[in-house]
Every structure is written in C-alpha cells, then in structure tokens.
Amino acid sequence: MATLKQTLTKRIPVLRDEIKNFVKANATKVISEVTVAQAYGGMRGVKALVCDTSVVPPDQGLIIRGKPIGTLKGQLPEAVFFLLVTGESPDDAAIEDLKKDLKSRAQVPAYVWKTLEAMPKDSHPMAMFSLGILAMERESVFRKKYDEGMQKTDFWDSTVEDCLNIIAKLPALAAGIYRMRFNKGVRIEPDAKLDWAGDYARMLGIDDPSGEFANLMRLYMVLHTDHEGGNVSAHTCHCVGSALSDAYYAVSAGLNGLAGPLHGLANQMCLRWVIMVKDKFGGVPSDEQLRQFAWDTLNSGQVIPGYGHAVLRVTDPRYAAFHEFGARVCADDELFQIVDKVFNIVPGVLKEHGKAKDPWPNVDAASGCLLYHFGLTEFEYYTVLFGVSRALGMCSQLIVSRALGEAIERPKSVTTEWVKQAVKG
Ligand code: AMX
C-alpha cells in the first residue's frame, strides 16, 4: 500500500521536472487562438488553462484521469479523490487509510457554529456553507508555514493538509447547516466507523431504512467531484489559489461561483421546474402538454434548467448514472416519471428553438427528483450537496497546482477600443 501522501511524495518531483522541461522545450509553440466572439463570450473554447485531473470531451462527458465517469460510479468518493489528486487508483488499504485519516479530522470547530448561528435565519445555505469554510481559515497549515518561510517545493504538503482538513469537515459542516437552516433539530455528530458520504447521509438525519439514500449520497458525491478546470467554480478556486491564498480562501471562493443559477444553483431550479409541471397537470402530463409547457418556458425568456452545457454535446453521463439509479430505486415516483418524459420531449423542443448548442440533459436534470424522493425536499439546499462533492475536485486541482509551482494568474485584458483597432489590422 502507498498512502495518498506517499504516492504524492514519489510522483511530484518527477512530474515537476517533466513539466518544467516540456514547457522549456516548447515555450513558444501556439496551442490556441482567441476570436473576438470568444473574448466577449466567456472565453468559450480558449485553451489557456491546464488541468490534469479530468477532461470533458464534448462527445463523451467527464473522464477522470483517463477513466470515464460511468466506470467510477460504484466507487467511494474517497477513492475518486485519491485518483484525482495522484492519477493512481488506490488499493483497498490506501482507501481505508484515507477514510481513517479523514475521520480523525472530521470535527467542526465550535466557533464555526457560533458564526453560522449569528447569520440571519433566511440566509442562503450556500452563503452559510461558504462562510463556514472561510471562518475556518485560521486553521490553515499552509498560511502558518508560509509565514514561517516555507520553501516553494514544500507548498504542496501543507496544501494537502489544508485540503484534507477541509474535506474531512464538509459532511458535518454541510449537514449541520441543513439541520440548522431548516429547523431539523440538534446536530448529529460524525461517526468514526462510517465512510465519508455514508456519514454525511446519516448526519443529514434523513430516514433511510433501505440504505439507498446513503447509496445515493455516495453516487452524488462521486459524480459531481470534478469537471475540468475552466468551469466557474474550478477556475475561481484556481485563480484565487494562484495568488497563494490558502485552500480555505480558494475553496470558499469557488463555492461562491457554484452558487450562481447558471452553474450549481441550476439543480434547485431544475426540480422547481419539474414540480411546476406536476402541479400544473396534476401528475405526469401528456407529451403534448409537456411540449407546450417547455415552449411556454422558452417564450417567457427563461431557460429550461437541467438542459444544455457549455462544453458537452451529448447526454451527460452523470445524468445517465442518476437516471439508472432512479429507474432502479423509484421508477414509480411521478417526479421521476416526469424527469424521464422531459428527456423524451425537451431535446426536440430545444433543437426546434434553435438557440442552445447542446439540447441534452446535464447533471442537474435528474438529481433533484431523487433527493426529493428520499425526503430531502428543501431545494435551496441542493447546491450545498454539489459543493461538498465539488470541493474534492477543487482541492485536487489546487494540490496539483501547488505541486507544479504554477504561476499567479494574470491574463491580459484589453479595451473595446483596442479590439476595434486590432480587427482593422
Ligand atoms: N434553455 C433555453 N435556452 C438555452 C438553454 C436551455 N436549457 N441552454 C442554452 N440556451 C440558450 C442560451 O441562453 C443562449 O441564449 P442567448 O444567445 O440568448 O444568450 C444560447 O442558447 C446559446 O447558449 P449555449 O452556447 O448553448 O450555452 P452556454 O454555454 O452559453 O450556457 C448553460 C450553458 C449551461 C449555462 C446553458 O445551457 C443554460 O443556461 N442551461 C440551463 C441552466 C442549467 O442547466 N445549468 C446547469 C449547468 C451545469 C452545472 O453547472 N450545474
């Protein structure tokens, strides 16, 4: 067995040398160009970031370190985190070691609860979650060691420490926020015997006699971990981290981006839309009713949540994994049946509408109805679940970035006047 840190200790010097030599040998080679449309259009497709944890080919969807996400859906999030950070699949002993390590760091400091309790009762759970992580910044090992004069080659080690401390505490923090924000009673303490996602499910306090809610949480936590480096949450975390802000600052910042309705908040919007369909038609609508409802949404200037993607051009394999889970566990649930029907109708409507480049479902189109099925009915909380998982990817990217000693981000911005002159030639 090689533990997470042992694996990194072996790999990092090799990787660092390899990248250094590669960049030196190819420094002036061109890998991308930028059009006017891209400069004004969210930099879509501009290749100016490097991220080795995962790739998202438009015609395949998420691939983590060479493994399609569909092949990882039976694994624990701990194993996927190991894979993300190191590029190697852990053996059982290494997974056990990581599970134990995380458990030993799982307690959330009391001052965090006091901070959150001082927030207005109607604060958004994402604001509470992000603030909870930021409040713990005083615990940063990286910042302490940096202040003591740590060498650049050692940055990665204390970043791993910070990331493990953050990740370990997220289930208790996020579950505590759920119980506090939605008046569910006292907090439930971590259980050292349970896995990271299974314990999260238990600490939420959702009744789970079949154990399937815990399975859903394990799946949910695996599917949302990472999605390349250019999405808003990953890129924000990377950008903030590139200033050598520690992981608490960087992950909290990334989560603030995840809280946007075009990014992680889409999952709460998505279920709301499906419930609106159910309420309007008193159950599962006919194909024609659903088609008309989709058109009404588009004609009122709104997007159909859960559909479309900045990169993907096929059905998101993460949607497929959730759909498979739903078909096994709650095929008779009307909300699941509507989600299923939406998949048959909405892509056709979006194609006819002609605007969305990707008419297919993304990760958010099916997850909400599964959570709702198990009694997690507070939509406002859904993005926190996404955030707990995405923190694994953000932390992985941050560790790799520190290991490689990446530079502070500073792309060049230009004025519209400059662009006008440039296009004149
Ligand atoms: N419904 C209606 N219109 C849509 C649409 C949808 N589901 N998806 C894209 N469009 C529209 C866009 O709003 C845009 O319109 P505009 O030209 O008037 O601004 C046009 O189609 C072209 O957009 P695009 O290039 O296909 O997509 P994008 O890269 O600009 O945006 C995304 C991607 C996901 C924000 C967009 O598809 C969307 O808003 N989808 C619905 C919200 C959603 O599901 N978000 C979740 C994304 C995954 C995640 O991060 N959780």
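Me: How many cavities of 30 Å³ or more does the structure hold?

Reply: On a 1 Å grid over the protein atoms alone, a cavity is a set of points where a 1.4 Å probe fits but cannot get out, and lining residues have an atom within 4 Å of a point. Grid points are joined across faces, edges and corners, and the volume is the space filled by probe spheres set on the points. Four cavities reach that volume here. The model is predicted: local features need pLDDT of at least 70 and side-chain atom pairs pLDDT 80 or more, while totals for chains, interfaces and linings use all residues. Numbering starts from 1 along each chain as its sequence is written, and side-chain values use heavy atoms, without hydrogens and water.

Me: Which element gives the largest share of the lining of the largest cavity?

Reply: Helices are DSSP runs (H or I, at least four residues), numbered from the N terminus. Helix 18 supplies that share, three residues. The cavity holds about 130 Å³, and its lining includes Asp52, His238 and Glu406.

Me: Which helix gives the most to the lining of the second largest cavity?

Reply: Helix 1 does, with four residues. This cavity has a volume of about 70 Å³; Arg11, Arg65 and Val400 are among its lining residues.

Me: At what angle do helix 13 and helix 18 cross?

Reply: Two packed helices are described by the angle and the distance between their axes. Axes are lines fitted to C-alpha atoms over the stretch in contact, with angles from 0 to 180 degrees between N-to-C directions. Helix 13 (residues 266-281) and helix 18 (residues 382-403) cross at roughly 140°, their axes coming within 7 Å.

Technical notes: Helices (H or I, at least four residues) and strands (E, at least two) are DSSP runs, numbered from the N terminus. On a 1 Å grid over the protein atoms alone, a cavity is a set of points where a 1.4 Å probe fits but cannot get out, and a pocket is an open set with protein on both sides within 12 Å along at least five of seven lines; lining residues have an atom within 4 Å of a point.
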